[in-house]
2 protein chains.
Amino acid sequence: MTQSILVVDDDPVFNGVLVRALARRGYEVSSAMDAETTLTAANALAPEAVVLDLNLGSVSGLNLIQPLLAIAPDCRIVVLTGYASIATAVEAIKLGATQYLAKPVEVDAIIAALDDIPESGVPADAPPPADPLSVDRLEWEHIQRILREHDGNISATARALKMHRRTLQRKLAKRPVRA
Amino acid sequence: MTQSILVVDDDPVFNGVLVRALARRGYEVSSAMDAETTLTAANALAPEAVVLDLNLGSVSGLNLIQPLLAIAPDCRIVVLTGYASIATAVEAIKLGATQYLAKPVEVDAIIAALDDIPESGVPADAPPPADPLSVDRLEWEHIQRILREHDGNISATARALKMHRRTLQRKLAKRPVRA
DNA sequence: TTTCCGATGCGACAATCCGTCGCATTTTCC
DNA sequence: GGAAAATGCGACGGATTGTCGCATCGGAAA
């Protein structure tokens with residue numbers, strides 16, 4: 001079991017939630033919200049694992065992978081991003097990340113990725129997370145995050161999600177699916 | 001410039017088009033349409049590069065990556081798939097593929113991937129996307145990740161996602177939304 | 001080897017949802 | 001103050017979903 005984890009995300013709310021969830025499960029957790037603090041913390045703590053967001057202000061989290069591995073070569077880096085793409089996933093893994101996950105993702109999946117040390121890429125005997133997000137819940141969380149990033153602007157959110165504004169309004173009018 | 005390329009795709013039309021396009025550009029091209037032929041050809045030809053489809057009947061192209069690299073360790077493998085997902089991209093790169101591209105893709109992009117030999121891994125090629133994933137795309141990625149965690153078991157995946165098995169089958173049968 | 005269980009594929013149907021349209025109102029920004 | 005954008009929402013045709021049910025297949029257990 002991994003002991004020390006550094007969580008890197010510029011969203012303080014997300015950072016806090018994830019740090020608490022990991023601490024609750026017995027991990028030593030620290031956090032950073034920008035590139036400079038990340039490398040300072042890595043130098044000081046030599047974490048065994050890093051949960052790394054890609055959108056860190058003007059700096060891409062991709063640019064932190066190799067410096068982090070230079071500091072702690074055995075460090076497992078799990079990239080976690082709200083702006084996922086196959087291209088950046090390929091790049092991240094080539095640069096040395098262990099795993100790449102798109103937000104929103106359940107904490108158990110993050111932990112599974114952190115603890116995973118597969119030789120072949122397929123986790124040996126690792127059971128799947130007991131309770132992945134349902135598709136409805138996934139959609140709700142995703143919509144809420146993008147809506148927040150657009151300051152509650154429904155039209156802009158619908159455009160960003162490539163969804164019709166009417167459809168988004170209908171979805172928002174519903175009570176969210178219980179987790 | 002790479003000289004010998006093995007194209008692996010079970011679609012004869014696609015195979016023919018790509019083989020001719022690569023031959024026209026001066027490459028020595030051979031092709032295979034199933035797993036067994038692929039390994040036989042690789043043993044005989046020791047290609048410098050392989051363009052590898054993932055959907056090869058009942059065998060996943062992912063399962064060919066390591067056998068191919070065992071035969072030709074310096075071989076560059078570019079994975080092409082019409083059912084691209086982050087989960088399979090991550091797995092392909094971890095297994096040793098050089099690049100992973102979603103169909104439809106232009107021949108020039110395939111060639112660029114085949115010839116690409118990055119030394120430093122500077123991630124200038126893959127900036128993070130400006131837009132978040134659409135809801136449809138996010139759903140596809142989530143389904144693919146959970147499906148892999150359940151070893152391709154559709155019934156178990158449907159239960160985990162709290163979705164009807166019939167619905168999941170319909171979603172899996174569709175080509176995913178372009179990223 | 002046989003049996004049983006779970007997985008799988010898929011058509012059909014009713015219910016639900018989505019994309020679209022359009023109009024009126026409200027809010028924001030210049 | 002005015003223009004532009006955002007917002008709310010009903011209605012309609014088409015698409016999708018949940019459900020049902022049946023047949024087939026593969027693997028595990030007896």
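Predicted model: local features only at pLDDT ≥ 70, side-chain atom pairs only at ≥ 80, totals over all residues.
Visitor: Why is α6(A) called oblique to α6(B)?

Guide: Let's set the angle against the cut-offs. Roughly perpendicular covers 65 to 115 degrees and roughly antiparallel starts over 145. The crossing of α6(A) past α6(B) is right-handed.

Visitor: Which residues meet where α6(A) and α6(B) touch?

Guide: From α6(A) come A:V135, A:L138, A:E139, A:H142 and A:I143, and they meet B:V135, B:L138, B:E139, B:H142 and B:I143 of α6(B). By class, this contact has six nonpolar, two polar and two charged residues.

Visitor: Why would residues three or four places apart on a helix point the same way?

Guide: An α-helix has 3.6 residues a turn, so residues at that spacing point the same way.

Visitor: What makes α2(B) roughly parallel to α3(B)?

Guide: Helix α2 (residues 35-45) and helix α3 (residues 62-71) of chain B cross at roughly 15°, and their axes come within 9 Å. Roughly parallel needs an angle under 35 degrees, so α2(B) is roughly parallel to α3(B). α2(B) passes α3(B) in a right-handed crossing. On the α2(B) side the contact uses B:A35, B:T38, B:L39, B:A42 and B:N43, and on the α3(B) side B:L64, B:P67, B:L68 and B:I71. Seven of these residues are nonpolar, two are polar and none is charged.

Visitor: Now to the strands. Why is β1(B) said to be largely enclosed by the rest of the structure?

Guide: Buried means under 20% relative accessible area. Five of the five residues of strand β1 (residues 4-8) of chain B are buried, so β1(B) is largely enclosed. B:S4, B:L6 and B:V8 point one way from the strand, B:I5 and B:V7 point the other way, and all are buried.

Visitor: Which strand pairs with β1(B) over five bridges?

Guide: Strand β2 (residues 28-32) of chain B does, in the parallel sense. As one example, B:V8 stands opposite B:A32 in β2(B). These strands belong to an open sheet of five strands in chain B, with the order β2-β1-β3-β6-β7 and parallel pairing.

Visitor: What makes β2 and β7 of chain B edge strands?

Guide: Each of them pairs on one side only. From one strand to the next, the twist averages 20°. At the β7(B) end, strand β6 (residues 76-81) pairs with β7(B) over four parallel bridges, and B:V78 has B:Q99 as its bridge partner. Helix α1 (residues 12-24) of chain B lies across β1, β2, β3 and β6, at about 170° to β2(B).

Visitor: How do you know that α4(A) is mostly covered?

Guide: Eight of the 10 residues in helix α4 (residues 86-95) of chain A are buried. Among them are A:I86, A:V90 and A:L95. Their cover includes α3, β6 and β7 of chain A together with α4, β7 and α6 of chain B. Just after α4(A), A:G96 takes a positive phi of about 120°.

Visitor: What about B:K162, is it buried or exposed?

Guide: The cut-off for exposed is over 50%. B:K162 has a relative accessible area of 60%, so it is exposed. B:K162 lies in the loop between α7 and α8 of chain B, and it has a positive phi of about 55° although it is not a glycine.

Visitor: Where does a cis peptide bond turn up in chain A?

Guide: One joins A:K103 and A:P104, with omega about -5°. A:P104 is in the loop between β7 and α5 of chain A. In chain B, a cis peptide bond joins B:K103 and B:P104, again with omega about -5°.

Definitions and conventions:
Residues numbered from 1 in each chain as written. Chains lettered and ligands numbered in written order. Heavy atoms only, no water. Left-handed = near helix turned anticlockwise from the far one by under 90°. Helix = DSSP H or I, 4+ residues; strand = E, 2+ residues; numbered from the N terminus. Contact = heavy atoms within 4.5 Å. Nonpolar A, V, L, I, M, F, W, Y, C, P; charged D, E, K, R; others polar. Buried < 20%, exposed > 50% of the residue type's maximum accessible area, 1.4 Å probe, protein only. Pairing = 2+ DSSP bridges. Axes fitted to C-alpha atoms, helices over the stretch in contact; angles between N-to-C directions.
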